Each structure stands twice: as C-alpha cells, then as structure tokens.
Amino acid sequence: MKRKLLTVLLMSAMVLAGSTVAKADDVFDSNTEESSQIDMNMERQSEVNPEDTINNLEKIAEEESEKEKSAEDLIDTYADGIAIDEGNFPDENFRKYLKDNFDENGDGYFSQDEIDSITFMTISNGVKSLDGINYFTSMTSLDCSNNQLTSLDVSKNPNLTTLKCFGNRLTALDVSKNLNLLSLDCFTNQLTELDVSKNLNLRYLNCGGNKLESFDVSQNTNLGSLICHGNVGNPLTELDVSKNLNLVYLDCSYNKLKSLDVSQNPNLRKLYCSNNQITILDVSQNPKLYTLDCNNNQITVLDVSKNPDLDCLYCMNNQIITLDVSKKMNLRYLDCSNNQITVLNIGESPKLVTLRCNNSQIAALDVSQSPNLSELNCMDNQIAELDISKNPNLSELNCVNNQIKVLGVSQNPNLSTLKCDGNHLTHLDLSYNKSMSVRRSVTMGQGDGTYSDMVIVLYGAYVTPQNITANIVSQNGKWTLDLAEIVGKENLDRVTLATNGAQMSADGIVTFSGSNIPAKLVYNYNTKNPTEDTPMTVNVALTKKVIDDQTGNDITVDTDNLDLDSIYKENGLNPDSDDIKIVLSQDNPSKENIEKLLQAVGVDGYSVASTCEFLMSLYSNGQKITDINDKFGNLSLTFQLNPSFSGKDVVVYQLHNNIEVIVHDGLTVNTDGTVEISVDKLSTFAVAVKPSSNNTGKPGADQSGTKKPDSNRPDTNKPDSNRPDTSQPDSNQPNTNQSNGGQSDVKQTNTNQLSPKTGDSTNPAFWLLVAMAASITGILNRKRFYKH
C-alpha cells in the first residue's frame, strides 16, 4: 500500500512540475486553457487598470513557483527513502541508535533496501518511545529491554519471532498480530492483562514481575518455558498448565498459589514454585525432574522417590516431617532447613556436595554414604552423634546447638570452617586440621551491639561455649568431681580450670572449696588448632547424684516419673542442704514370700520364669533413713527373660507388704525377651509364663489333665504325681489373663483370703518343699535376680 501511494505521489508531482515549468516559460501560452482564460481577462481589463493586471500575473507566478518547490522536495524525500528525522522517529535516543547502527552511508535516510535488511534491533539507551518501529516490517527480533517505554506497538511487525521488552513501564501489550512469535519476555512491567491465545507457536514466555491476576496458556501447547513469578500487587492465585505437555521449565514463585498440578507435564525438568501457599505438591509424574525449588510453602509431605535424576532439591521453610532422598545417585544440593523433620534419610547419595538441614528436629544423621560432601549445616537440631569420618572433602561444618557429645574431625583434612558451639562436647582435637582458616566474621546491623546486630561467621573454628551436666559427690566433707571421667585421663593436660576455688589433682579429681554445694565448673580445653589458639570453654552444670541404680542386667528401671519432692517431704529432708541419695537394688526373695507367690501362680496355672525382691532405700548425709515401698510416684520396670519366651502370654505377680498380691496380666513377652510394667508400690515380684501346650491355663478352657514338659524350663516343670492338675479350671478363680489393649490389668488379692484347693497341693509339706527348693537354688546361684 505504501509503495502504491508513493508511486501516485511521484506521478502527481511530475505532472504538476511539468505544468508549472510550462507556465513559467510562457504564462500567456494560448495552447493551454488557463493561458487563454488569462488572455481573455486581460483584454477585458486592459482598458480598466493595466497595473492590476501585472500584479495578478506576478502573484500567479509566485504561487506556481511554491508548488514547484514542494513537488521537488517530495520527489527528493521518497526517491532517497525514509528520513531519519523527528517526524518519523520522535525519540532522540531512538534516532541516534538508528543512525549509529543502520544508516550505512550516513545520508540521514533509510532506503528501501536498508529497511528490508534490518531484521533485529537491541535498544538499551534510555529510549522513551519506539514510534516509527512500524517501518521495519522485516524485523524478526526486537530487544528493547530496560528502557523507559510506556507503550509499544508491534502490530506492524508480523515477522517477529523474538520480543524482549522487560524492564520498562508498559501497561498494555498487544501481540495478537505476531503469529510467528516464539519467545516473549515482558518481565517487570505494569501489565494487568496479557493475551497470548493467538501465539500458538510460543515456546518461551516470561511475564513475571507484572500485575497479572491470571492469564491463560491453554492454547500454547508448544510452550516449553513459562516464567510467571513475582506478580507484584496482584499475585497469581491459580495456574493451569495441564495443556502444556511440552513444558520443561516452570517458575511460578512468589505468588499466592494454594495448589499446583504438574501431573500432566512429564517432560518437566526444572520447577520453581517457592514462596507460595502450596500445601500439597505431587511430583510423582515428573520422572525427568532435575531441579525442584519449593521453598517457603506449607508442604507437609514431599515424596521424591519417582525423581531419579534429581540434582538440586530446595524445600526449606515448610512443614515437612520426614524426607527420604536415599538412592539419589545424581543429587548434589539439598536444602531442607527450617522444617519439622525428625527423620532424614540421605543414604546412597554419592554426589551430594551441599547438605543444609538446619533448624529442624532431627535426632540422627548419617552422612557416611556421601563421600563428596563439602558443606554440612545441621545446626539447631537434636543430633546426639555425628560421624563425619567418611567425608574427607568436608570443608565447612556447622553443627551449632545440638546435643553432640563427641566430635571427631581428624579424618577431615580439608576442613576450613567449623562451627560447633552450643553442644555437649567435653574435648575436641583440631591438631589434624591443617586447612583450618583464621577466624573471620562480619556483623550485620548498626554495629552498636543491639539485638539488631547479627554476627555472620565466615571462616575459622568457633567452638565456644559447650554445656554439659555432671554429678558431684561429697567426700570427707568436700564436694568433688572426677574430671578424668569427663575428658579422659589422656586429655587432662589440655584442661585449665577457670572456676575460683576449684583445684584439680593429677588424676583429675576436682575439689571445691567451702561447704556450700557448687553450681558450676568452667574449664578451658586446648584444641591444638594449628592455625590459631582456639580454646574451647566448657560450662559444667553440677548436680548432686540423687538416684543410684544398682540393679543388675536382668531388670531396668525408668525413674522419669519418680516424685522426689514427695519423698523429701514425707521424710522431712531438705534437698538444698542435705546430701540425699536414693539407692535402687534387687535381692533374693524370702522363702515365705516365694511360697505366697507360688501359691498365686499355681492357682492360675502359669509357670514361674523369674523372681526378685526390688528395693528402694533412702539415704541422707551417708546414713540410711528408710526403705521406700510406696508414695514415690511411679516406676517403670522392665524384666529381662529368655528371648525364647518371645510372644508368650505372661503375668507379673507382686507381693506387697507380705500380704497384698497385685496381679499385672494381659502382657506378652517382647521379641527381645522383655516385659514392662508400671508400679506405684515396691515388693517381691514373680514373672510367670504360660506353658507351651495346647491348654490356655485360663478358667473354662478345654485342657488335658497333665502338662507337657517345656524345653525352655528345667525338669522341675515335669508333672508331679504328688500334685494335682493345677491347669484344670477353677470357677472361684478370676481370669487374670484377659488382654486389656496391650496394657497390664492390675488385680489385687489378699493372701489371707486365698482358699486352699482340695488335693495334695494343700499339704503343708508340699509347699515347704517348694519353698526350700527355691531357697536352696538362690543360695547356690548367689544371684539377685534368677531365672527358672
């Protein structure tokens, strides 16, 4: 259309120019209509005023001269091309860019050949307007990013395949006429709407940093990369990518998405969806996933078992409880910090270089199968043990604020930064860490020491303070502490006491001056850092050893629910001034108590597996006050039986104060042979196991009259012709073996109310024989707790 208009204008100019030249040669030429008219007029007016006629002729000649001049200018303009002037290109910076880059002959014009040859532009010199861009219809690529554009019209550029206009001030953008568009980057503008439904060939779209509340990409089935993060002011609340089967890259971070469905994107390689409100993220249908960044959401469960190619996983600041990244052979970076993780499995991650799992609730961490680990940050967890001996490439370790008691770093020659303060370390050896850097840190904030200041450790060893607890004892009127038990005798020469009045002997016994109970001991430990002097300060909180558990391996006692305050009050003791000790022990039951327990066991038809007398003795200032049988709160007792009893029904009989029988039934032996009960009274105990036979040992069961021998028990369990069939049901005996949801049923019976059964078992001689046998067995074995 432009070329046709130009041709018409040129032809009109030529005709006009020819006519003007003719009239200039002979204004009164009789061959032209106009000259004839002028001649006639002159003849009419010659008699009136000859001077006016001359003036009129001069005026006509002047007008025709101006017409001739305009025609000549028009011919020059379109003959030479488009002038690079303000009329065509209003923006001065745009004109300068065009002249500097595309006006090859420097004549200030664009010829048609020059216009056709311009296929790309990259403009970045503060342009405010691109008016005139419509002339360049052959252009395929336009980059006008980071300018000051408020509008952009590319409707006359149908050949555009790439448009980059990010970093401007555009409020609207129409690309509906750019059907060949493959790549559109309009990041960080002020767009509130964007219609790409006509751009069916679009493969790359970056529309982040705008004010889009929503947009539709359902027609862009060829889309491979979509970036829509950070919509300021109007973040996205929904995003549908179910039609984008070819999507490889998706970044929808910094919006308000509550859900994200990527199940229809099997080719997805990189997914960035951080800083949203996502609660559930399913990536099981994305087997090619290489990078996943879902930081700062509300995700509780994250399953990456179907993502074998995972290289980077960032899931910090969520609510994840467990995370399994084991057998991720390509995983190099993992940041799962600031979650609620209690279990983290990173087994078989040979390429793992960076692991950040700080600020969670992890109790155990195994990094032994990550030999290439270079950075480990596990600070602010509950880790008690940390083995880094299999990580020779480790250069940075941050395990601040855990419960680590021992930390060996001798196998980490590349370690340059160590942050381990706030643990329970008693000693630390840095003599093998030749690569350790000199300590260096920076303070972020005002630098005035206020709470707003933050010290960021950059390099070096930061090992202070450490906090532990130790028991002190009173010897010869003085309070003492065995420091050799804490640091090891071989390390005593590295210890320097920092508490006034405390002295340490050569064998590590620390003595405190004065009669008052000391609250704390402080010592400095020489770490032998080869780079600089790095003493480790250890704060030892001193406590009096109150409970002394002297029970054997056959019984374990849990004293967490022991009510010490009630014990002190009941016995008139002051824990602040008195040296109090509670001794737990076990002994052989008396024959009288064994007889009473065997009577109860015999009634129920069970077989005794073990017996013991459990004792709790109270001491004050070295003197025994009393034996405690009740009013102590609760104790949890774990009896150790033969593991061969695993799975069997078991009943624990308890004789309290030689009268009351307490029955703990509904129990089953654990796989390790243990049985647990909770007691609030102490006395003699007998653990009885159901015999290995078809009978149930319970009232009402169909039983044979004779028990079969049990291979797990001695010959004393063989049938005795002098004893009746105790496995027969007794309608007067309560069923003590009914299960109660896995918890023991406790029944109490007074032994004085036990009715003797008819038959030989009521013969006093029989029970005397049983009691004597049990007593003799105890004397021979000399065991506090024994099995039958």
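Is K528 buried, partly exposed or exposed? Keep that question in mind; the tour comes back to it.

**Before you start**

This is a predicted model, in which local features need pLDDT of at least 70, side-chain atom pairs count only at pLDDT 80 or more, and totals for chains, interfaces and linings use all residues. Residues are numbered from 1 along each chain as its sequence is written, and side-chain values use heavy atoms, with hydrogens and water left out.

**The whole chain**

Show the chain as a cartoon: it has nine helices and 40 strands. Helices (H or I, at least four residues) and strands (E, at least two) are DSSP runs, numbered from the N terminus. Of the 788 residues, 41% are buried. Buried stands for under 20% relative accessible area, exposed for over 50%, and partly exposed for in between, with a 1.4 Å probe and protein chains only.

**Stop one: L334**

Select L334, in strand β14 (residues 333–335). L334 is buried, with a relative accessible area of 1%. Now display its partners: beyond its neighbours within four places in sequence, L334 is in contact (heavy atoms within 4.5 Å) with L313, L323, V325, I346, L352, T354, L355 and R356.

**Stop two: strand β35**

Next, select residues 649–656, which make up β35; seven of its eight residues are buried. Strands count as paired if DSSP finds at least two bridges between them. β35 pairs with β36 (residues 660–668) in the antiparallel sense over seven bridges, and six bridges join β35 to β38 (residues 684–689), again antiparallel. Click on Y653: it stands opposite V663 in β36 and opposite A686 in β38. β35 and β36 form a hairpin with three residues between them, and N657 in the turn has a positive phi of about 55°.

Most residues other than glycine have a negative phi, and most peptide bonds are trans. Here are some places to look at with that in mind.

- Select T464 and P465: a cis peptide bond joins them, with omega about 5°. P465 is in the loop between β21 (454–462) and β22 (466–475).
- Go to K631, in the loop between β33 (623–627) and β34 (635–640). Its phi is positive, about 60°, and K631 counts as exposed at 57% relative accessibility.
- Finish at K528, in the loop between β27 (520–526) and β28 (535–544). Its phi is positive, near 55°. As for the opening question, K528 counts as partly exposed because its relative accessibility is 40%.
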